[in-house]
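Good morning, colleagues. Please look at the structure on the screen while I go through the ligand site, the domain contact and the salt bridges.

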Amino acid sequence: MSSSLLDRAKRNFSLRLTLWYAVVSVIAYVVIFTLAYYNLLSSLKKEDEKAISSIFNKYRQYYNEDGLSGLQSQIALERNSEKPVLFLVRVADQDNHSLFLSLPDKWQGVDLVQIGPININMKIQKIRPKISNIETLFEIHTFALEDGNFMQIGNEIIQREELLTRFRHIFFAVMIPAILIALIGGYLVTFKALLPIRHLTGTIKSIVKTGEVGARVPEGKTDNQFSELIVLFNDMIGRIEHLIEGMKESLDNVAHEVRTPITRLRVLAENALASDQDIGSYREALSDCMEESERLIKMLNTLMDISEAKAGTLKLDREEGDISSLVEEVVEVYGYIAEEKNIKINTEYSEGVMALVDPNRIRQALGNLIDNSVKYTPPGGMVNIRVYKKEPKEAVIEIRDNGIGIDEKDLPKIWERLYRGDQSRSQKGLGLGLSLVKSIVELHGGHIEVKSRPNFGSTFFVYLPIKE
Ligand code: ADP
């Protein structure tokens, strides 16, 4: 492998995986082939050894019973029979002098010099006799005889060797395509396995380049760690997109809503400066300016709260609190306003309705709801407030008024930022109250519902998860 390929492999993960796959496949191939080769070799050798030792046992018997002449006559007998003699049989003394030599049929006329030196000290030796027209290879096994001489039996192993040579050739012939297949296979497997990562990289690049967070990584059908990563990534981008949209919407709202009060502030200041006026008029202009600024600040703070609550970044200081006591505190504050407007507030509290809440935020939300009930109920009306438990695990705060009510078609819109009902324009308000209430309640893990009939009144239900 060239050093530049190694360098590239170090940097390129898919190339590295491909190479690993190829290396492991080739190693597996070599191991399997080697095992098969040695298995074949040992079984062929065993077969030959079995044949040789049975021949030796037969000839040893003749030798032991009748000496060399017995062995000689047995081999002569065999040579005269129909069956060809395939084995080399040699008896030698301790000095390796041939006492007897019988060659296979096809070597008739060949002498020992042509065959080459045969050693009695080697248990097994291979010889390749240089005989014209005969290409052969012999394996000679040496056995010790009881009288101190040696008997050597040899058989031709050329076919065995040819088979093994062919096997080795096949190994090398298959090796190159095997490496190629391993590389292609490795590439395909890696390509498929890393497809989600490529999609992910492509999506991130497009987001970085265009700044548009609308792009999503295609989610595959298979369920693995990559698909989990992609689902999480898409979720994360979804949340970021949601946050950005929320911020944009808030900014648009702010830009839109801030223009009017700022223009009004400017007009107030301009008018005051335009002519010489008495101190009383200046004071009045300044107080109007302050009122307008406060309205502006309140609106900006509420918008910020809504945005943060919607994005989930509004920090809640939760503590275990009795919901009835919380509601009672708020009712006390709005009691005076209701009284001024000649509206009666009735309350009904259940005991022990505990929830883990941020008391300030819940007071803020309830304040908005009760304020609306009083605001949108004509004098002489009534506001009924109840706190109770709803099985299995909810605290319910119900605020019912018999005021102007809300038209059915407007009901879904009341939760939107800056929405104000047509009939409500005569009342003071920013159109942000219910949007904030909904966000705060949802941030607490609860939800809010409304039922309303025009001219009959409205009921708001706040559900909060209960602490058991
Ligand atoms: P605001 O009260 O400042 O207009 P809110 O967000 O609190 O804004 O309410 C949005 C709209 O929902 C109001 O303008 C009004 O039309 C309607 N609304 C809210 N509460 C009531 C209620 N108790 N009775 C009738 N209408 C209501």
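A polar side-chain atom of K375 lies 3.1 Å from an oxygen atom of the ligand. Here a polar contact is a pair of N or O atoms within 3.5 Å; within protein, one atom must be able to donate a hydrogen and the other to accept it, and residues adjacent in sequence count only if both atoms are side-chain atoms. The side chain of D401 has an N or O atom 3.0 Å from a nitrogen atom of the ligand, and for the side chain of S458 the distance to a ligand nitrogen atom is 3.4 Å. There are 21 residues around the ligand, and N372, Y376, R420, S424 and L434 come nearest; a residue is counted if one of its heavy atoms lies within 4 Å.

A word on the source. This is a predicted model, in which local features need pLDDT of at least 70 and side-chain atom pairs count only at pLDDT 80 or more, while totals for chains, interfaces and linings use all residues. Residues are numbered from 1 along each chain as its sequence is written, and side-chain values use heavy atoms, with hydrogens and water left out.

Next, the domains. The protein is divided into domain 1 (11–163), domain 2 (225–311) and domain 3 (319–465), with bounds from an automatic or database domain assignment. The C-alpha centres of domain 2 and domain 3 are 24 Å apart. Their contact (heavy atoms within 4.5 Å) takes 15 residues from domain 2 and 11 residues from domain 3.

How much area is buried between domain 2 and domain 3? The figure is about 1200 Å², of which carbon and sulfur atoms give 63%; this is the accessible area (1.4 Å probe) lost when the two parts are put together, summed over both. On the domain 2 side, D305, I306 and A309 lose the most area to domain 3, together 39% of what that side buries.

D305 also forms a salt bridge with R361, with the closest N and O atoms 3.0 Å apart. The rule, a side-chain nitrogen of Lys or Arg within 4 Å of a carboxyl oxygen of Asp or Glu, finds one salt bridge across this interface.

Over the whole structure, the search finds 18 salt bridges. One of them joins E292 and R264, whose closest N and O atoms are 2.7 Å apart. E292 lies in helix α7 and R264 in helix α6, so this pair ties together parts 28 residues apart in sequence. Helices here are DSSP runs (H or I, at least four residues), numbered from the N terminus.

Note on methods. Helix = DSSP H or I, 4+ residues; strand = E, 2+ residues; numbered from the N terminus.
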